[in-house]
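Thanks for passing this one along. Have a look at the structure first, and then read my comments beside it.

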Amino acid sequence: MRVVVVGAGLSGVSSAWYLREAGHDVTVVERREGPGLETSFANGGLVVPSQPDPWNAPGIVAKLVHYLGKEDSPFLLRPSAVPGMVGWGLRFLANSRHEAWRRNTLACAALAQYSLARLRALRASTGIDYPFGARGTMKIFRDQAQVDAQAGFARMIARFGVPHDVLDRAATLEREPALAQVGDQLAGSVLYPDDEYGDAHAFTCALAALGAARGIAWRYGEAVEGIETDGGRFAALRTDRGRVEADALLLAAAAWTPALARPLGLRIWINPVKGYSASVPLEGWNGAPRMGIMDDGLKIAIAPFAGVLRLAGTAEFAGWSPEMNERRARNVLRTATSVLPDLAGQAERKGATFWTGLRPVSPDGSPFVGATRVPGVFVNAGHGPLGWTFACGSGKLAADLVGGSAPEIDPAPYAPSRFN
């Protein structure tokens, strides 16, 4: 079977890998000059089956209203973005009801844990080389009620094989000494020892190279101009360099997927939400964290890998604006110093680099993976802030569905048609 994949980020490269592993003839078309240069480039770096809960938890409306217009807020809704997100927004709000949020959390937990298993199997079978760590993620809290609430959440997702340990203040500081300076502010933490963290861009490039060695054709710097059908079925992808005929098309272009699908009459409910990250070199910092840290109160994630400390946070609903807002970018670094005070001096000595990217967010937190109503056209997009966490799982699921194999997990919660 001939398959053409659009997009060479985490989801596109992972899908291409599993398609090729199943014996299909695979071509990947990517408008950028190499793999992983958009959403996958400098994300938070966390692979966290422990964090499958969508952003639109009950109470999200009040939070968005509270943060409206506040530049330093973790959630920022710009009024200029509202007209372009009404349909998506109504579905987003509908899924913030408690029962819907719980159902969506469990669907994401199933995919996330499956994805971690696929990632580990991939490492074992290929020896793929990229910077990563596997010491787990620690979620820290400043009052006991928050610790207890997170412990309850951890028990809810434990059915999927996500282990956890509830730690008091002393045990928290023993497991992560880097928190000593803020220890008197902490009530405790919940540790998820199976979580990982790593360089998503390096992984994407390494997997693309392995795929090339196994026969995947990569067409970089090539822009899609249209999708051709014959008798209502996919026939060819038209690019600025010609036509790519195939039996199936997989759209894995993150936030750009809806625009590609729209001329076919397909509505893929994905909204771009801007996120920011900062990277600070670890060289010479003896007190640096040795595991992933998340602070729910400050909405900040911290991960050490590849000789840097990656800091990520904020969600900015700003439409399709790709520009770096330096104030918001630097606020990620400033917020992280509330968790790690020594980080300020390290950043001053070694410098910091900043990045922004558009997360492709679905209304219910689950990605869109599977067939569309146009025969031969499939989707693997909408992973939101969990693109790294979902990468291998959604890639394998997409490959199974494209190739007609029986999937290893229930695909229904991720069906592209679920909002239509």
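The points below go from the whole chain to single residues.

1. First, a word on the source. This is a predicted model, in which local features need pLDDT of at least 70 and side-chain atom pairs count only at pLDDT 80 or more, while totals for chains, interfaces and linings use all residues. Residues are numbered from 1 along each chain as its sequence is written, and side-chain values use heavy atoms, with hydrogens and water left out.

2. Overall make-up. Along the principal axes, the C-alpha atoms fill a box of roughly 65 × 45 × 40 Å.

3. Of the 420 residues, 57% count as buried (under 20% relative accessible area; exposed is over 50%, partly exposed in between, with a 1.4 Å probe and protein chains only). Among contacts (heavy atoms within 4.5 Å) between residues at least 6 apart in sequence, 76% join residues at least 24 apart.

4. Three strands form an open, antiparallel sheet in the order E3-E9-E5, where pairing requires at least two DSSP bridges between two strands. Strands E3 (46–47) and E5 (132–133) are the edges, each pairing on one side only. E3 and E9 (residues 196–198) are joined by two bridges, and Val47 has Glu196 of E9 as its bridge partner.

5. Two backbone angles worth checking. Lys299 is not a glycine, yet has a positive phi of about 55°. Lys299 lies in the loop between strand E16 (292–295) and strand E17 (300–305), and is partly exposed at 31% relative accessible area. Thr314 also has a positive phi, near 75°, but belongs to strand E18 (residues 308–317) and counts as buried at 11%.

6. What surrounds Ala329? This residue of helix H9 (residues 326–336) is buried, with a relative accessible area of 0%. Leaving aside residues up to four places away in sequence, Ala329 touches Tyr276, Met324 and Phe354. Thr314 is 15 residues from Ala329 in sequence and 8.9 Å away, C-alpha to C-alpha.

Key
Helices (H or I, at least four residues) and strands (E, at least two) are DSSP runs, numbered from the N terminus.
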